Amino acid sequence: MSSDLLSKGYEPNAVEKKWYDYWEKEKLFAAEEDSDKKSYSIVIPPPNVTGMLHMGHALTFTMQDILCRYRRLRGDNVLWMPGTDHAGIATQNVVEKKLAIEGITRQDLGREKFIEKVWEWKEEYGSAIINQLKRLGSSCDWDRERFTMDEGLSDAVRKVFVDLYNQGLIYRGHYIINWCPRCNTALSDLEVEHADKDGKLYHVRYPFEDGSGEFIVATTRPETMFGDTAVAIHPEDERYKDFHDVKIKLPLTDRVIPVIKDDYVDMEFGTGALKVTPAHDPNDFDLGKKHDLESLKVIDDKGAMTEAAGKFKGLDRFECRKAAVKELEAQGFLVKIDEHEHSVGHCYRCQTVVEPNLSQQWFVKIKPLADKAIKAVETGKTRILPEVWKKTYFEWMYNIRDWCISRQIWWGHRIPAWVCSDCGKEIVALDDPTACPDCSSKNLEQETDVLDTWFSSALWPFSTMGWPEETKLQETFYPTSVLVTGFDILFFWVARMMMMGIHFKEEVPFHDVYIHALVRDDKGRKMSKSLGNVINPLDVIDEYGTDALRFTLTAFAAMGRDIKLSVERVEGYRHFINKLWNAARFSFMHIEKGCEPINYDEISLVDKWILSKMKGVSQRVAKSLDEYKFNEVASDLYKFVWHELCDWYLEAAKPALFGKAGDAQMAASKNVLARVLRDTLIMLHPVVPFVTEEIWSKLPGTEGSIMVATYPEDAIDADSIILDEKIEKDMETLSSIVSGIRNIRAEMNIALSKTLNVIVQTEDSDIREMLECQKNFIINLARLESLTIQDKGDRPKSVATVLVEGISVFVDLEGVIDFSKELERLEKELGKVDKNLDVLTKKLSNKGFTDKAPAQVVAKSIEEKEALEDKKAKIIENIEKTKPLV
């Protein structure tokens with residue numbers, strides 16, 4: 001064999017497309033609907049059809065792909081169901097902007113023509129995100145790709161809506177909802193992003209109608225006062241115990257409003273008097289229903305004041321705020337204005353300030369569905385990991401409000417509801433009605449609203465498998481095994497899938513939910529365009545290769561901990577990929593055929609050691625993947641490949657591999673190397689699929705893709721590979737002795753070309769016997785002239801010493817170095833370090849520098865000072881060691 005089978009350097013761009021095309025062509029991602037194998041399934045969190053791959057996607061899909069590739073290696077029948085989401089508001093906005101460039105609005109086109117335009121856009125651009133997922137190596141069953149607006153899923157959406165309506169769990173009603181005046185649509189609570197903002201708290205006089213007194217009312221939104229229909233006080237508030245049948249003259253209007261008593265009022269806030277605006281505040285809406293108050297809408301759907309605002313009609317809500325405050329001050333109603341930080345809701349799409357709005361909408365009566373979803377997690381039918389997210393899930397589910405599911409846009413699943421124009425009958429049906437069932441009129445008008453995008457997404461685990469039909473796919477793969485997703489859609493999506501899955505399939509949609517953390521920049525900041533710290537995964541892939549990015553994300557994906565990512569870290573793990581590649585090139589010089597059963601009587605200690613280490617790694621990687629400890633997988637594989645395989649085994653095995661230990665030992669070691677490389681590639685494959693497939697394709701004795709290989713723990717002869725603690729302990733002793741000698745060589749500045757004489761003393765006869773047997777290991781790796789193993793005795797003269805677990809290692813320095821010159825060199829070096837340390841110490845003591853210099857410059861100076869202090873300590877230590885030898 002020859003290393004020429006692999007090019008000198010690994011070129012990912014030349015390899016990745018070749019193998020991905022091969023995997024697709026050979027249908028290696030395909031699941032079997034009917035199989036005797038154990039089923040394992042994941043549904044992809046469907047990215048928006050408008051989406052572009054970002055680091056959050058890269059993390060999510062890397063984790064899912066690792067799990068799917070691993071389970072295939074374990075012999076499972078794996079379904080990774082792919083697809084995309086129609087993303088109602090986002091997609092409509094994209095298409096509207098595109099049309100605006102042409103000077104066209106959706107209203108110009110009309111509903112049907114506009115929807116045609118959206119479908120055209122989807123066909124042209126909607127596959128971009130899928131192609132990007134393929135570049136990441138995602139091994140989805142692409143022949144089963146679904147779209148939330150495709151025919152089958154649309155049928156499922158319609159059936160769910162109709163069934164819930166018929167069960168009394170969907171209703172239409174007036175309610176305070178979150179309204180975006182820019183998108184001109186309702187938003188669910190989860191679609192509102194709250195941020196603390198500096199605002200103002202306005203204290204306003206509300207005089208009694210009879211002139212006998214007044215309340216001071218505090219509000220952050222004086223523009224809503226035109227919709228006030230009461231002032232509320234607490235019934236136990238001592239300040240107002242004598243107030244009966246009081247009426248308020250509402251400032252800036254000619255209206256008189258009542259005073260009501262309710263224990264909802266917080267007596268500690270302000271004066272304990274609360275303005276009640278049922279049409280523009282959700283809590284006030286509940287108060288209004290309870291006390292039968294009028295709901296007076298004073299802000300319209302575009303954010304402008306209505307006729308009910310009197311002379312302020314037509315003003316934008318924020319302009320009205322300024323004008324109203326000016327008028328209140330002029331008329332003597334304004335008492336004072338305080339600076340006030342408060343939480344303000346914004347539209348998650350366009351960041352417009354959301355307006356609580358009284359509107360007729362469609363709702364899901366959610367509590368009956370939530371109760372079953374709560375129980376499923378409480379009883380462990382579905383596990384949420386890390387467990388900290390269980391508490392968050394329960395808090396939200398226990399306080400859940402009815403879900404507003406209607407959206408005032410055109411792109412999406414149109415609500416299957418009609419109203420008879422003649423008799424007013426409301427009709428909800430699976431098939432489009434042709435006539436009213438009550439009066440036979442054909443004058444039917446369909447609801448213009450569409451369903452919230454998350455409504456169809458909530459059905460994803462079972463609708464993608466063919467529901468409402470009873471399919472073999474559902475029978476085989478539902479419930480799914482695990483859902484991997486970010487915490488930001490735990491409520492948007494995960495909780496709703498739980499509710500819908502249990503309600504319609506009478507079974508949880510997934511056994512495990514793994515919530516991964518955020519990918520941040522290396523300083524721990526969220527990536528954003530405004531900070532200029534966004535790392536584009538496609539750029540990283542172009543520069544360093546997909547496997548380097550995947551391994552980096554895996555290495556930092558500790559459960560419950562955000563990932564601090566930098567391009568430099570990806571570059572670091574590219575070195576790991578290159579290390580593997582070079583190890584394979586070296587191995588190919590010696591591997592002539594596929595591995596055969598290992599005969600432990602014929603192999604060396606170092607061969608037994610690497611097999612034992614490999615066995616342990618194989619077991620730990622499997623356990624970590626079963627427990628979603630992705631970072632531990634990467635850590636174990638990195639340590640094994642870089643340190644144990646490359647740094648120690650390949651170096652230690654060279655004499656045998658090159659025939660210096662005889663033909664029998666050479667053949668045995670070549671066989672061990674073939675086995676170790678083969679099993680290492682299999683273990684690595686889920687994390688770094690491309691480089692492992694390329695090496696595998698050239699490895700003697702392999703057939704077909706590495707994707708259909710068998711994980712080492714499941715191999716027919718898995719039990720023949722021995723996990724041997726005694727061998728590992730002996731090898732640890734040997735490597736510690738070699739490392740100790742190497743450290744002395746480095747500290748004493750002894751050239752590698754200079755061979756050394758070493759004496760090893762230990763009173764343990766078993767260790768002496770082992771060291772005698774492995775003498776050549778130490779001589780070769782430590783570059784020794786001679787090695788003497790003896791019982792505990794006197795310390796020899798002119799030696800440097802290292803202690804290894806009770807073993808004394810003496811390196812003879814007589815004739816190797818001139819001790820006087822070495823002492824002189826060390827003291828001179830110490831002087832240089834002291835001088836540089838003095839400069840840095842003064843610099844860091846100068847407040848002018850530490851306060852004014854950029855933080856990174858100060859940090860670098862601190863690092864340099866710490867490095868010099870470490871260097872100084874080592875020099876002093878070496879001086880103390882050298883002095884007795886002069």
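**Close-up A. Surroundings of Gly 88 in the predicted model.** Leaving aside neighbours within four places in sequence, Gly 88 is in contact with Ile 409, Trp 411 and Thr 453, in a model that is predicted. Gly 88 belongs to helix α3, which spans residues 88-101, and with a relative accessibility of 1% it counts as buried. Arg 407 stands 319 residues from Gly 88 in sequence, yet the two C-alpha atoms are 8.8 Å apart in space.

**Close-up B. Packing of helix α19 against helix α21.** Helix α19 (residues 605-626) packs on helix α21 (residues 663-684) at an angle of about 15°, and their axes are 10 Å apart; the two helices are therefore roughly parallel to each other. The crossing of α19 past α21 is left-handed. On the α19 side the contact is made by Asp 607, Ile 610, Leu 611, Met 614, Val 617 and Ser 618, and on the α21 side by Gln 665, Ser 669, Val 672, Arg 675, Val 676, Asp 679, Thr 680 and Met 683. Sorted by class, this contact comprises seven nonpolar, four polar and three charged residues.

**Close-up C. Packing of helix α18 against helix α21.** Helix α18 (residues 567-588) also packs with α21, here at an angle of about 150° and with the axes 11 Å apart, which makes α18 roughly antiparallel to α21. The crossing of α18 past α21 is left-handed. Phe 576, Leu 580, Ala 584, Ser 587 and Phe 588 of α18 form the contact with Leu 673, Leu 677 and Leu 684 of α21. By class, the contact of α18 with α21 has seven nonpolar residues, one polar residue and no charged residues.

**Close-up D. The buried side of helix α25.** In helix α25 (residues 775-782) the buried residues are Phe 777, Ile 778, Leu 781 and Ala 782. These residues cover an arc of only 95° around the axis, and so they lie on the same side of α25. An α-helix has 3.6 residues a turn, so residues three or four places apart point the same way. Among the elements that cover the buried residues of α25 are α19, α20 (630-657), α23 (725-747), α24 (765-773) and β27 (784-790). After α25 comes Arg 783, which has a positive phi, near 60°.

**Close-up E. Tyr 628 in the loop between α19 and α20.** Tyr 628 is placed in the loop between α19 and α20, where its phi is near 60°, a positive value in a residue other than glycine. With 6% relative accessibility, Tyr 628 counts as buried.

**Close-up F. Gln 132 in helix α6.** Gln 132 is part of helix α6 (residues 128-135), and it counts as buried at 9% relative accessibility. When residues up to four places away in sequence are not counted, Gln 132 touches Met 52, Leu 53 and Leu 538.

Close-up G. The peptide bond from Leu 385 to Pro 386 is cis, with omega near -10°, and Pro 386 lies in the loop between β15 (383-385) and α11 (388-398). The bond from Trp 467 to Pro 468 is cis, with omega near 20°; Pro 468 is found in the loop that runs between α13 (460-463) and α14 (472-477).

Definitions and conventions: Residues are numbered from 1 along each chain as its sequence is written. This is a predicted model: local features need pLDDT of at least 70, side-chain atom pairs count only at pLDDT 80 or more; totals for chains, interfaces and linings use all residues. Side-chain values use heavy atoms; hydrogens and water are left out. Axes are lines fitted to C-alpha atoms, for helices over the stretch in contact, and angles run from 0 to 180 degrees between N-to-C directions. Helices (H or I, at least four residues) and strands (E, at least two) are DSSP runs, numbered from the N terminus. Angles under 35 degrees count as roughly parallel, over 145 as roughly antiparallel, 65 to 115 as roughly perpendicular and the rest as oblique. A crossing is left-handed if the near helix is turned anticlockwise from the far one by less than a right angle, and right-handed if clockwise. Contact means heavy atoms within 4.5 Å. Ala, Val, Leu, Ile, Met, Phe, Trp, Tyr, Cys and Pro count as nonpolar, Asp, Glu, Lys and Arg as charged, and the others, Gly among them, as polar. Buried means under 20% relative accessible area, exposed over 50%, partly exposed in between (1.4 Å probe, protein chains only). The arc is that of the directions from the helix axis to the C-beta atoms.
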